[in-house]
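Reader: I am new to this structure and would like to learn how to read its features one at a time. Could you show me the general idea behind each feature and then the case at hand?

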Amino acid sequence: MTGPPLIEVEDLRIDLDAGSRRVAAVEGVSFRIERGETFGLVGESGCGKSITALALIGLLRHPLSVAAGAIRFEGREIQRLAAAEQRDLRGNRIAMIFQEPMTALNPVSPVGRQIAEMFVLHKGKSWREANQLAVEALASVRVPAPERRAKDYPHQLSGGMRQRVMIAIALACGPDLLIADEPTTALDVTVQAEIVELMRNLCAERGTAILMISHDLGLVANVCRRVAVMYAGRIVEVRGSDEIFRACAHPYTQGLVDSLPRLGTRAALGRTRLREIAGVVPAIADFPSGCRFNPRCAQATEICRTTAPETAWLGGGGLVRCHHHA
Amino acid sequence: MKLGTSLIIGAVLFALAIIVGVLAPWLAHTDPVMDANLMNAEEPPSWIWWFGTDAQGRDIYSRVVYGARISLTVGIVSQLVNSIIGVTLGLSAGYFGGWWDDVVNGLTNLMLAIPSLIFALAIMAVLGPGLTSLLIALGLTNWSFTCRIARASTLSLKSQGYVQAARVLGYGDLRIMITQLLPNMLGPIIVIGTLGMGSAVLAEASLSFLGLGIRPPFPSWGSMLSEARDQITTAPWLSIFPGLAIFLTVLGLNLLGDGLRDILDPQSRSRRI
């Protein structure tokens with residue numbers, strides 16, 4: 001691979017300004033995404049995956065701020081870009097779709113206009129051209145009767161249709177990276193599969209890289225080539241998605257894998273209960289010392305309570321952070 | 001349907017006032033200023049003089065019809081100025097926050113603390129009577145409620161998903177304010193504006209009554225009331241008809257405002273769909 005990776009996050013630390021003190025909501029996060037790659041970020045609510053994504057597009061706002069580390073987009077450090085340059089990246093080169101297609105569209109503007117606005121804003125098209133392109137964009141996300149639909153308001157569309165519109169808006173300018181933050185959580189399971197399939201196909205056609213953020217390990221492993229598992233503000237394991245179910249190295253990942261229902265195993269093993277991970281994610285203000293997973297980990301020993309584990313490299317570009325990794 | 005009743009009555013009354021104002025030259029029987037004839041002084045309402053005549057023998061009906069022009073111009077234009085000032089200040093204050101928000105808040109509180117009619121009186125005293133100074137005085141003194149509403153709407157809309165999404169998609173501040181925030185707060189702003197037009201019509205009447213608005217002999221409803229003050233027992237029609245015109249117009253505007261609130265309120269809208 002020549003040239004710098006599409007996006008490279010190095011030792012990122014995001015601080016939460018909690019009045020008198022600052023606490024690290026995200027710490028020591030590093031990963032890189034190559035052009036056209038699909039990368040997943042998995043973790044429970046509050047583990048820092050969404051704020052990591054916001055940091056990538058330079059939109060952290062008080063009380064959150066990037067305290068250390070670097071985020072490079074094609075080798076250029078995002079925090080050092082001027083506000084206008086950052087704004088030009090957003091929507092144009094890096095796009096994002098959200099969990100809530102219900103609220104992410106402006107209720108008083110027809111959806112076609114909202115797509116067209118992207119062409120006017122980033123590509124300098126006239127409204128006439130942009131409206132034409134918007135209809136094409138709607139057709140490309142397989143919205144039936146796109147010319148008629150373009151005139152509809154968001155409340156006239158179903159959840160799945162709205163998420164299609166969001167994808168059309170996000171991909172309108174042909175971005176290099178699509179950040180999908182829980183893109184299907186609010187949708188029915190059947191619609192979920194269609195949307196994921198659509199997103200994956202469109203990005204593969206256009207060579208758009210995907211950073212998919214979700215709590216659903218199964219979904220992410222299905223879409224992404226590589227998966228990073230986050231826990232309490234740190235990445236605990238990065239693996240190829242084909243390996244993660246077979247041979248995960250971190251006890252937390254193992255816990256996530258065990259908590260997924262799987263077809264067939266129930267019949268094979270008889271009636272077994274799904275296993276959950278005991279305990280809850282600690283609050284940002286009182287992360288435990290040492291390995292942050294230690295209070296919930298069955299394998300925790302003395303060293304886990306005192307020392308944070310170093311990164312250990314695994315074969316095939318994977319990594320794990322655990323003292324007990326052989 | 002009950003929802004539409006006040007809207008329809010209000011719209012009809014307001015439309016009627018506008019039509020009367022626009023068609024005044026055709027509707028009026030005589031020239032409202034020049035056609036004085038002492039032979040017909042203080043005639044009570046009759047088939048010839050519909051609303052009676054005043055001490056100079058001028059036709060009250062014609063004067064009320066022409067008065068609509070001034071009263072409505074003042075109501076509409078001054079409220080438009082108020083809305084533009086209020087929305088610009090409130091929207092930018094809510095959006096940017098910080099020191100600008102403090103400045104706008106201070107200014108709004110100041111405006112709310114001074115009775116707006118007294119403030120308008122002071123401006124009129126400096127600028128002198130006349131239509132232009134009336135528009136300036138009323139246009140600068142009644143924006144605080146619009147400003148409050150615009151600021152509050154901005155604060156609540158700012159955290160909406162689509163405003164966040166617009167920022168993520170690379171929209172600039174001005175574009176977010178114009179395409180995302182403004183259209184979504186237009187409902188309450190229009191309602192406040194309609195109600196504000198009613199109070200501007202009243203304020204014009206008050207200022208003209210006090211002799212600081214439209215000067216005689218030009219007819220505005222307020223100045224007609226002012227002139228009629230002395231003859232209220234001997235020729236009550238001089239007060240009744242301009243008063244009725246003010247009453248019906250303001251009532252119409254208030255009903256229109258209420259009706260608009262009902263249909264522009266997002267909750268009642270979702271109830272209908």
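Reader: Is strand β10 (residues 234-240) of chain A mostly covered or mostly open?

Author: A residue is called buried if 20 or more other C-beta atoms, placed from the backbone, lie within 10 Å of its own, exposed if 12 or fewer do, and partly exposed in between. A strand is a DSSP run of E with at least two residues, a helix is a run of H or I with at least four, and both are numbered from the N terminus. By that reading β10(A) is mostly covered, since six of its seven residues are buried. This is a predicted model, in which local features need pLDDT of at least 70 and side-chain atom pairs count only at pLDDT 80 or more, while totals for chains, interfaces and linings use all residues. Residues are numbered from 1 along each chain as its sequence is written, and chains are lettered from A and ligands numbered from 1 in the order in which they are written.

Reader: Which strands pair with β10(A), and in what sense?

Author: Two strands pair if DSSP finds at least two bridges between them. Strand β9 (residues 226-231) of chain A pairs with β10(A) in the antiparallel sense over six bridges, and Val227(A) stands opposite Arg239(A) there. The hairpin of β9(A) and β10(A) has two residues between the strands, and in it Ala232(A) takes a positive phi near 50°. Strand β12 (residues 319-320) of chain A also runs antiparallel to β10(A), joined to it by two bridges, with Glu237(A) opposite Val320(A).

Reader: What is the order of the open sheet of eight strands, and which strands stand at its edges?

Author: Its order is β6-β7-β8-β3-β9-β10-β12-β11 in chain A, and the pairing is mixed. At the edges stand β6 (94-97) and β11 (312-313) of chain A, each with a single partner strand, so one side of each is left without a neighbour in the sheet. A parallel pair is formed by β7 (residues 177-181) and β8 (residues 209-214) of chain A, over five bridges, and here the bridge partner of Ala180(A) is Met212(A) in β8(A). Helix α6 (residues 159-171) of chain A lies across β6 and β7 of chain A and runs at about 170° to β6(A); such angles run from 0 to 180 degrees between N-to-C directions, with axes as lines fitted to C-alpha atoms, for helices over the stretch in contact.

Reader: What does the secondary structure of chain B come to?

Author: Chain B has 12 helices and zero strands, and buried residues make up 45% of its 273 residues. Along its principal axes the C-alpha trace of chain B spans about 75 × 50 × 30 Å.

Reader: Why does the span of helix α3 (residues 60-96) of chain B agree with its 37 residues?

Author: The expected span of a helix is 1.5 Å times one less than its number of residues. For α3(B) this should be 54 Å, and its end C-alpha atoms are 53 Å apart, which agrees.

Methods
Two residues are in contact if their C-beta atoms, placed from the backbone, lie within 7 Å.
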